[in-house]
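This report describes the fold of one protein chain and the surroundings of selected residues. Please consult the sequence and the structure shown here while reading.

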Amino acid sequence: MTTQTHTLDARGLNCPLPILRTRKAIAKIEAGEVLEVTSSDPGSVKDISSFCSQTGHELITSDEDSGDFIFTIRKKQ
């Protein structure tokens with residue numbers, strides 16, 4: 001069984017829009033599925049980490065690539 005991966009491009013958006021869009025996107029996917037979020041807002045690093053800690057979703061990866069911040073989040077079961 002493969003896990004469905006969804007993507008969210010939040011580049012060019014400033015706080016709090018990246019985290020608000022992430023919250024909305026997570027709500028639309030099934031438990032166990034993965035959301036990959038790309039953001040250009042440095043504040044997203046702390047925001048996404050806090051969001052996952054507070055909601056129980058798994059922050060699988062948090063990386064930076066050429067000024068973009070890329071997060072992989074698994075929706076909690």
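Asp41 is buried but forms no salt bridge; Arg21, the nearest side chain of opposite charge, is 12 Å away. The model is predicted, and the description of this residue rests on that prediction.

Asp41 belongs to the loop that connects β2 (34–39) with α2 (44–55). Leaving aside residues up to four places away in sequence, Asp41 is in contact with Leu13, Asn14, Cys15, Pro18 and Phe69.

## The sheet

In which order do the strands of the open sheet lie? The four strands are arranged as β1-β2-β4-β3, and their pairing is mixed. The edge positions are taken by β1 (5–10) and β3 (58–65); each has a single partner strand, so one side of each is left without a neighbour in the sheet. From one strand to the next, the twist averages 15°.

Strands of a sheet pair through backbone hydrogen bonds, in either a parallel or an antiparallel manner. Between β2 and β4 (residues 68–74) the arrangement is antiparallel, with six bridges joining the two strands. Thr38 has Ile70 in β4 as its bridge partner.

## Helices across the sheet

Helix α1 lies across β1, β2 and β4 and runs at about 165° to β2. Helix α2 lies across β2, β3 and β4, and its direction is at about 5° to β4.

## Packing of the two helices

Two packed helices are described by the angle between their axes and by the distance between those axes. For α1 and α2, the packing angle is about 35° and the axes are 10 Å apart. The crossing of α1 past α2 is right-handed.

Which residues bring the two helices together? On the α1 side they are Pro18, Ile19, Thr22, Arg23 and Ile26, and these meet Ser44, Asp47, Ile48 and Phe51 in α2. Pro18 is also one of the residues that Asp41 touches.

## Thr22 in the interior

Thr22 is located in helix α1 (residues 17–28). Is Thr22 buried or exposed? Its relative accessible area is 0%, so Thr22 is buried.

With residues up to four places away in sequence not counted, Thr22 touches Leu8, Leu35, Val37, Ile48, Phe51 and Ile73. Among these contacts, Ile48 and Phe51 are also named on the α2 side of the helix packing.

Key. Residues numbered from 1 in each chain as written. Predicted model: local features only at pLDDT ≥ 70, side-chain atom pairs only at ≥ 80, totals over all residues. Heavy atoms only, no water. Buried < 20%, exposed > 50% of the residue type's maximum accessible area, 1.4 Å probe, protein only. Contact = heavy atoms within 4.5 Å. Lys, Arg positive; Asp, Glu negative; His and termini not counted. Salt bridge = Lys/Arg side-chain N within 4 Å of Asp/Glu carboxyl O. Pairing = 2+ DSSP bridges. Axes fitted to C-alpha atoms, helices over the stretch in contact; angles between N-to-C directions. Left-handed = near helix turned anticlockwise from the far one by under 90°.
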